[in-house]
Amino acid sequence: PATGAAGVHAQDTDTTSFSETEPARTTAAARPRRFKPALRGLVVTEPRKLRTVRYAGYASMKLQWNDIETRPGVFHFSAIDRALDSHPRVRFRLRFKAGIHAPQWVKEDAGGCVWITPDSRNGGSGCAARFWRRSYHEDYRKLMKAVARRYEHDWQVVEIANSQCTTIYAEPFILGADNASVDRLWRAGYTKHRHARCLRRSTRLLMRLFPRTRVSLAGHSKWQYIVARSGDPDDGVGAASWRAERRMLNNLVRRYRKHLVLEDHGLGPDDRKCRTPGQPRSTARSWYCYMAGLHRSPVAYGWQFTLNGGAMTEAANAGVAMGACFLEYAAFDALTASKRRRVHDALRANCRN
């Protein structure tokens, strides 16, 4: 999973309360279509690096919730606005990182936070909000309501990532927790049922608040959750299931269709690939084959690079072969200029949305 913040932060911006927040930005009205365009081509995650792909039409911003809302109902949007104003021909995905990046008062509203130590070398430790709590959902709803009021009618903001139900990564199917952290989550009241309810409820919320803006959800090779240890219901043990995730994704895809965008945060040169046409959604044996099988569906999909070794060229070729609409990374200068353009054009050709 990708970690760290992008080059856009909001801690140094003008402060406005929700009641005083300006209405939607009026740089341009939303295009007269049911949904705003889906991401296509090479997507740069640091707006200042758009110069590496000057023909890119899409970029993304990673934003920490505790930078955007520093006090209840007080929001800092100027950094987002600066990026939009600096790149008027570029459309953006906004990803608000929650979990360990939720404001402290949000964590307290939810009954305190849970210390998470990652079970891999990616990511860092932190105290994650109890995302399954109703009070947490209400605080997230207020944040998203303010975002929708400002950007739902802005043609440049075309996608919002759903990251409500997260811990240390902006990926709702990954707990990313070591064994001690699993124990702490279980004692704090986590259950798979509550996790699933959070996923359904947060997706429904965003679809309602952003009727024309796409909503993206990051999937994973297996849904990580916690179940009661056999013979000891007071003790939890980590578990993971692709089939459980597939059922959840299929329910969401059937309900929201082209309003939903699916993404993966871990495409590297050594990952298992599954060329298009992939496999049917109902029986796909792996996450990547599920993704490739979306090629002829209304759902847009793509990958974010995680290059812990190997060549970006191999990973980019894999993304194109799996029918991705987009590939996302901080910059693409590891590809030659000609290869960069070929990949960009192939991704655009892949996408029918």
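In which loop is Pro 277 found? Pro 277 lies in the loop between strand S13 (260-267) and helix H8 (287-292).

This is a predicted model, in which local features need pLDDT of at least 70, side-chain atom pairs count only at pLDDT 80 or more, and totals for chains, interfaces and linings use all residues. Residues are numbered from 1 along each chain as its sequence is written, and side-chain values use heavy atoms, with hydrogens and water left out.

**View 1. The cis peptide bond at Pro 277.** Thr 276 and Pro 277 are joined by a cis peptide bond, with omega at about 15 degrees. Helices (H or I, at least four residues) and strands (E, at least two) are DSSP runs, numbered from the N terminus.

**View 2. Helices H6 and H7.** The axes of H6 (residues 192-209) and H7 (residues 242-256) come within 12 Å and cross at roughly 20 degrees. Axes are lines fitted to C-alpha atoms, for helices over the stretch in contact, and angles run from 0 to 180 degrees between N-to-C directions. H6 and H7 are therefore roughly parallel to each other (angles under 35 degrees). On the H6 side, the contact (heavy atoms within 4.5 Å) is made by residues including Leu 199, Arg 200 and Met 207; on the H7 side, Met 248, Leu 252 and Tyr 256 are among them.

**View 3. Arg 257 in the loop between H7 and S13.** Arg 257 has a phi near 45 degrees, a positive value in a residue other than glycine. At 47% relative accessibility, Arg 257 counts as partly exposed, a class between buried (under 20% relative accessible area) and exposed (over 50%), with a 1.4 Å probe and protein chains only.

Key:
Angles under 35 degrees count as roughly parallel, over 145 as roughly antiparallel, 65 to 115 as roughly perpendicular and the rest as oblique.
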